[in-house]
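Subject: Structure for you to look at

Hi there,

Here is the structure I promised to pass on. Please open it alongside this note, and my notes on it follow below.

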Amino acid sequence: QVQLVESGGGLVQAGGSLRLSCASSGRTFSSYTMGWFRQAPGKEREVVASISRSGRNTYYLDSVKGRFSISRDNAKNMVFLQLNSLKPEDAAVYYCAADLRASEAVLTTIRSYDYWGQGTQVTVSS
C-alpha cells in the first residue's frame, strides 16, 4: 500500500510563488507515474501536471504551462510542484497522486491513478 502526504500549501498574493511537496511511502517509487491535481469549490477535480517515472516526460494543463513545474527526486521518494506567477483562479486544494504501472508515459485522467494524498490548500489573494 502506498501513502502520500502533501505539504507546502498556504496563502499568497497574486503573482507570488509556492512549492508543494509530496512524500511517498512506496518502496518502488521510482516506478510510479506521479501527478498533481487540483479541485476548487464547486468544480471538478482536474489534472495540473504529470511526470513519468524517470522524470523525462511531463504534462501540464494548458492554463498553467510556463508557470508551474513538476519534478521528482526518486532517491527521496518525493515529487514537487513549483507554482509561480500565481493567479486567483489557481486557488484550490492540490492533491498528489500515484499510478503504479511501470511506464514512461504520463497520465492525465483521475481514473488512471491508484493512490491519492489528502491534499494541501493553496489560497491566492488579489
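Predicted model: local features only at pLDDT ≥ 70, side-chain atom pairs only at ≥ 80, totals over all residues.

Residues are numbered from 1 along each chain as its sequence is written, and side-chain values use heavy atoms, with hydrogens and water left out.

**Aromatic residues**

W116 also belongs to an aromatic cluster with F37 and Y113. Four aromatic pairs turn up in the whole structure. One of them joins Y113 and W116 edge-to-face, at 6.2 Å centre to centre with 65 degrees between the planes. Rings of Phe, Tyr and Trp (its six-membered ring) pair if their centres lie within 6.5 Å; planes under 30 degrees apart are stacked, over 60 edge-to-face, and the rest tilted. Y113 has a relative accessible area of 6%, so this residue is buried, whereas W116, at 25%, is partly exposed. The cut-offs are under 20% for buried and over 50% for exposed, with partly exposed in between (1.4 Å probe, protein chains only).

**The disulfide**

There is one disulfide (a pair of cysteine sulfur atoms within 2.5 Å). It joins C22 to C96, with an S to S distance of 2.1 Å. The link connects distant parts of the chain, 74 residues apart: C22 is in strand β3 (residues 18-24) and C96 in strand β9 (residues 92-99). Strands are DSSP runs (E, at least two residues), numbered from the N terminus. The disulfide is left-handed because the torsion about its S-S bond is about -80 degrees. C22 is buried at 0% relative accessible area, and C96 is buried at 0% too.

**Nonpolar cores**

A nonpolar core is a set of buried Ala, Val, Leu, Ile, Met, Phe, Trp, Tyr and Cys residues joined through side-chain atoms within 4.5 Å. The largest has 29 residues, and M34, W36, V79, L81 and Y94 have the most contacts inside it. Strand β9 gives the most to this core, four residues. Another core, of five residues, lies apart from it and includes F37, V47, A97 and Y113.

Happy looking!
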